[in-house]
Amino acid sequence: MEVHAILKNVPMSAQKMREVVRQIQGLPAAHAQAVLAVVPRKGARFAAKTLKSAIANAEDLKTHKAEYKSMKTENLRVKEAVAQTGTTIKRFQPKARGSAGPILKRRCHIKIVLSDE
């Protein structure tokens, strides 16, 4: 059985976030939480929040849906962890001689899929 969690519009570029989420792919969920707790990057906090949400979703489904009763939350593994590009907010910085330089404030979406298989 699979469960997932998605965190949208994280104020960070997807390229920076991918470096963090690649570290937890294929790990057991508890071990992935421990890894994210010691990674000294801003993206690790958002990835840990999404992973915690996915684990909570698994526990909630286990208590409320009959087909998820056999799922054991101790056996959950990170099947997929991806960071996709989100919307980009465009701003402008005044430059010399009346011109403007673009500022791109990038955002991303984090998706974590857990599986007990």
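Visitor: Leaving aside its neighbours within four places in sequence, which residues is asparagine 75 in contact with?
Guide: This is a predicted model. Asparagine 75 has its place in the loop between α3 and β2. Set aside the neighbours within four places in sequence, and the contacts of asparagine 75 are Ser115 and Asp116.

Visitor: How many Å apart in space are asparagine 75 and leucine 114, C-alpha to C-alpha?
Guide: Along the sequence, asparagine 75 and leucine 114 are 39 residues apart. In space, from C-alpha to C-alpha, the value is 9.7 Å.

Visitor: Is asparagine 75 buried, partly exposed or exposed?
Guide: Its relative accessible area is 43%. Buried means under 20%, and exposed means over 50%. The value for asparagine 75 lies in between, so the residue counts as partly exposed.

Visitor: Which residues touch the most other members of the largest nonpolar core?
Guide: The largest nonpolar core has 33 residues. Three of them touch the most other members: Met17, Ile24 and Leu114.

Visitor: Which element gives the most residues to this core?
Guide: Elements that each supply at least two residues of the core are β1, α1, α2, α3, β2 and β3. With seven residues, the one that gives the most is α3.

Visitor: Which residues does leucine 114 touch, not counting residues up to four places away in sequence?
Guide: Leucine 114 is one of the residues that touch the most other members of the largest nonpolar core. Residues up to four places away in sequence are not counted here. The residues touched are Met1, Glu2, Val3, Leu51, Ala54, Ile55, Leu76, Arg77, Val78 and Lys79.

Visitor: How are α1 and α3 placed to each other: roughly parallel or roughly perpendicular?
Guide: The axes of α1 and α3 come within 9 Å. They cross at roughly 65 degrees. Angles of 65 to 115 degrees count as roughly perpendicular. Therefore α1 and α3 are roughly perpendicular.

Visitor: How many nonpolar residues are in the contact of α1 with α3?
Guide: From α1 come Met17, Val20 and Val21. They meet Gly43, Ala44, Phe46 and Ala47 in α3. One residue of this contact is polar and none is charged, while the nonpolar ones number six.

Visitor: Is the crossing of α2 and α3 left-handed or right-handed?
Guide: The axes of α2 and α3 are 9 Å apart, at an angle of about 160 degrees. Angles over 145 degrees count as roughly antiparallel. So α2 and α3 are roughly antiparallel. Their crossing is left-handed.

Visitor: Which residues of α3 make the contact with α2?
Guide: On the α2 side, the contact is made by Ala29, Ala32, Gln33 and Leu36. The residues of the contact divide into eight nonpolar, one polar and one charged. On the α3 side stand Ala44, Ala47, Ala48, Leu51, Lys52 and Ile55.

Visitor: Leaving aside neighbours within four places in sequence, which residues is alanine 58 in contact with?
Guide: Alanine 58 has its place in helix α3. Its relative accessible area is 0%, so alanine 58 is buried. With neighbours within four places left aside, its contacts are Val3, Met71, Thr73 and Leu76.

Visitor: What separates the C-alpha atoms of alanine 58 and glutamate 2?
Guide: Alanine 58 and glutamate 2 are 56 residues apart along the chain. Their C-alpha atoms are separated by 8.3 Å.

Visitor: Is serine 13 buried or exposed?
Guide: Serine 13 is in the loop between β1 and α1. Residues up to four places away aside, serine 13 touches Arg106 and Cys108. Its relative accessible area is 16%, and the limit for buried is under 20%. So serine 13 is buried.

Visitor: What is phi of asparagine 9?
Guide: Most residues other than glycine have a negative phi. Asparagine 9, in strand β1, has a positive one. The value is near 55 degrees.

Visitor: What is the relative accessibility of arginine 97?
Guide: Arginine 97 is in the loop between β2 and β3. Its phi is positive, near 60 degrees. Arginine 97 counts as exposed, because its relative accessibility is 86%.

Note on methods
Residues numbered from 1 in each chain as written. Predicted model: local features only at pLDDT ≥ 70, side-chain atom pairs only at ≥ 80, totals over all residues. Heavy atoms only, no water. Core = buried A, V, L, I, M, F, W, Y, C linked by side-chain atoms within 4.5 Å. Buried < 20%, exposed > 50% of the residue type's maximum accessible area, 1.4 Å probe, protein only. Helix = DSSP H or I, 4+ residues; strand = E, 2+ residues; numbered from the N terminus. Contact = heavy atoms within 4.5 Å. Axes fitted to C-alpha atoms, helices over the stretch in contact; angles between N-to-C directions. Parallel < 35°, antiparallel > 145°, perpendicular 65-115°, else oblique. Nonpolar A, V, L, I, M, F, W, Y, C, P; charged D, E, K, R; others polar. Left-handed = near helix turned anticlockwise from the far one by under 90°.
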